[in-house]
Amino acid sequence: MAKSKPTSTRGCKPSAKKAPPPAKGRPPGAGPRPFTCEVEGCEKSYPSSGGLHQHKRNKHPELIVPRGSHGSNTYRKYSCQVEGCEKSYDTSAGLYQHKKAKHPELIGQRKGGKA
């Protein structure tokens, strides 16, 4: 008859319990969220006006009033020259970023056809 070795737990680590997954949503007491979406049925709120603006831009674009269309005739010096594109900007950097995102084929081209 074979003798069995006594089992020892010395040096063994107990099995580690996994932490539960983080709860979804905001943690309790995460601070005030005074900027609330005014769309009926939408209950989103944000701690900053920028967060609310981004939400509206993504989820309710009809609420976003384009810059310069508040009843004033705002003239912007830098306009996109692509046919059908009516974007215009106060700075050349704004126009450059627009071209880079929407018309990348125009980047590197200058008036007169020089590269």
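1. At 19% relative accessibility, Cys85 counts as buried, because the word applies to residues under 20% relative accessible area. The model discussed here is a predicted one, and Cys80, with a relative accessible area of 7%, is buried in it too.

2. How many disulfides does a search of the whole structure find? The search finds zero, and for Cys80 the reason can be followed step by step: its sulfur lies 3.7 Å from the closest cysteine sulfur, that of Cys85, which is too far for a bond, because a disulfide requires the two sulfur atoms to be within 2.5 Å.

3. Helix α1 spans residues 49–59, and within it Gly51, Leu52, His55 and Lys56 are buried. These residues lie on the same side of α1, because they cover an arc of only 135 degrees around the axis. As background, an α-helix has 3.6 residues a turn, so residues three or four places apart point the same way. Among the elements that cover the buried residues of α1 are strands β1 (35–36) and β2 (45–46).

4. Helix α2 covers residues 92–102, where the buried residues are Gly94, Leu95 and His98. Why can they be placed on the same side of α2? The arc that they cover around the axis is only 95 degrees, and this puts them on one side of the helix. The packing partners of these buried residues are β3 (78–79) and β4 (88–89).

How values were computed. Residues are numbered from 1 along each chain as its sequence is written. This is a predicted model: local features need pLDDT of at least 70, side-chain atom pairs count only at pLDDT 80 or more; totals for chains, interfaces and linings use all residues. Side-chain values use heavy atoms; hydrogens and water are left out. Buried means under 20% relative accessible area, exposed over 50%, partly exposed in between (1.4 Å probe, protein chains only). Helices (H or I, at least four residues) and strands (E, at least two) are DSSP runs, numbered from the N terminus. The arc is that of the directions from the helix axis to the C-beta atoms. Contact means heavy atoms within 4.5 Å.
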